[in-house]
Amino acid sequence: MGDTKDNEVIDEAVGEKKIQKLEFRGGVFAATIPLVFFIIWAITLSVAQLVTEEALVLGMVIGVAIGLFFCKSKWADYAQSLISGMAQPVGVVAVIAWFWAGMFATLLSAGGLVDGLIWFGFQTGLEGGAFVGVTFLLSALFATAVGTGYGTVATFGILMYPAGVILGADPVILLAAILSGAVFGDNLAPVSDTTIVSATTQEADVPGVVKSRFKYSITAAIPALILFVIFGGGGSMGETQVIADLQQEVSADGLLLLVPFALVLFLALSGHHLLTSLTWGIVAAVVVMGIGGTPLTEVIHIYQNDAGDAVIEGALMDGIGGYFNMAILILFILAAAHLMEVAGTMETIKNFFLGIINNVVKRAELTMFGIVAFLNVFITINTAAEIAAAPFVRKLGKEMNIHPYRRANFLDTVTSSLGYIFPWSGGVLLAWATIQGAADEYDLPVVSPTEVFPFVFQGWGLLIVMFIAALTGWGLRYNGKNGEEVKPKDYKPEA
């Protein structure tokens, strides 16, 4: 998801805390009512094609309100638990990442990069499925560099979605390619908070974790790329006259905005913080736009309208304003997920699975896979779901002496995948919200969250790869006496 290198933030997010326990009428699973209501609400609206950002926020608010009436504890404690959930650092990191990535992407779009990409497609014949394949590769590279899948979705939704649809890409497969790139980077980036959380909660080092999980990521990515190229060209390039007119309108000038884009990649890959990299990218984009003759009012414009009201417009404002509703939604989802922790729901789930493992490694790994997947159904922000699942994975893995790298990989790969697959997940909802603005500007179709669900090939591929790994023991390593990785054939359990 978002990026952070601040271990203090992560430690605070995953560390032990004394929390006010809540009791619910109906038992510990009644604490899931707010999130279950939201999921049903989101799916219903999506199927009925009535979903809006405001409606999703309303659904979460109603769900939280319903949960209040099932709370046996003091309502003041329920309210305080909600506030504590919203205050988790993971939510703040996500929101800030969206705002910065949104400003950067909107600047690039306002400067003409989308037109430049369309021009490039016309000139080179990079259209349809080929464009979708390149989009997947670029979004994967960008997400790996900057460490934020959500930021990648925001950036590529604004830039590559309109360009690709105009160039004949299937809108659904194109959006799935963007989401798949986000999955790849969120899972593999050393600076991604999902990577850092998975490593630190399993008592592992980040470089070792990244190195150990590369084989899983690339095994899923190769067939995903092939599928995107094969199925990505099902879109329509529109009427011949419209395309001819567009070819006359677009030019290569906007490709100059690739310079700040490359700068962000370079800084992120060099180890700079996400906000540092994006800030320099924003500055560089403004400079390039100025050199190219773009008026400053396209960047930011503050004035009074005819009614005497103050108005703030421009790419920077659009980049931030496009994510206000999503920011509110994410905070409410985190709050609702926190209720499951303070109610003891998580503890009950952990104890249940411990009872069915019966000291069998394969069962332990399949159980880790299942727990992480199950929690991602209800906690739709991937890092928050990962934080919730981490104690279960650590407990089960330590019982069987499974190496921390292996435990971290089950935790992160499943979380990173499902965070961009479920129609109600944060990554998919963010993508849907992002492409609406781009689609309105270019009069393009908007893909609904339910449409893209089956085609996030990198996400589904990673899930299949990790399930097979758990089933067959591929990549299984035990924890040696000095913390080293030990292959099963060399492992000798202590008597």
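The following conversation covers aromatic pairs, a surface patch and a helix in a predicted model.

Student: How many aromatic pairs does a search of the whole structure find?
Tutor: The search finds 15 aromatic pairs. Rings of Phe, Tyr and Trp (its six-membered ring) pair if their centres lie within 6.5 Å; planes under 30 degrees apart count as stacked, over 60 as edge-to-face and the rest as tilted.

Student: What about Phe136 and Phe228?
Tutor: Their ring centres are 5.3 Å apart and their planes lie at 45 degrees, so the pair is tilted. Phe136 belongs to helix 7 (residues 128–146) and Phe228 to helix 11 (residues 206–231), so the pair ties together parts 92 residues apart in sequence. Helices here are DSSP runs of H or I with at least four residues, numbered from the N terminus.

Student: Is Phe136 buried or exposed?
Tutor: Phe136 is buried, with a relative accessible area of 2%, and Phe228 is buried at 0%. Buried means under 20% relative accessible area, exposed over 50%, and partly exposed in between (1.4 Å probe, protein chains only).

Student: Which residues form the aromatic cluster with Phe136?
Tutor: Phe228, Phe455 and Phe457 form one aromatic cluster with Phe136.

Student: And how are Phe369 and Phe467 arranged?
Tutor: Phe369 and Phe467 form an edge-to-face pair, 5.7 Å centre to centre with 65 degrees between the planes. Phe369 lies in helix 18 (residues 361–378) and Phe467 in helix 23 (residues 457–472), so this pair ties together parts 98 residues apart in sequence. Phe369 is buried at 13% relative accessible area, whereas Phe467 is partly exposed at 37%.

Student: Changing topic, where is Val361?
Tutor: Val361 lies in helix 18 and is buried, with a relative accessible area of 18%. Val361 and Leu396 are 35 residues apart in sequence and 9.5 Å apart in space, C-alpha to C-alpha.

Student: What does the length of helix 16 look like?
Tutor: Helix 16 (residues 324–342) has 19 residues and should span 27 Å at 1.5 Å a residue; its end C-alpha atoms are 28 Å apart, which agrees. The expected span is 1.5 Å times one less than the number of residues.

Student: What follows helix 16?
Tutor: Helix 16 is followed by Gly344, whose phi is positive, near 90 degrees.

Notes: Residues are numbered from 1 along each chain as its sequence is written. This is a predicted model: local features need pLDDT of at least 70, side-chain atom pairs count only at pLDDT 80 or more; totals for chains, interfaces and linings use all residues. Side-chain values use heavy atoms; hydrogens and water are left out. Helices (H or I, at least four residues) and strands (E, at least two) are DSSP runs, numbered from the N terminus.
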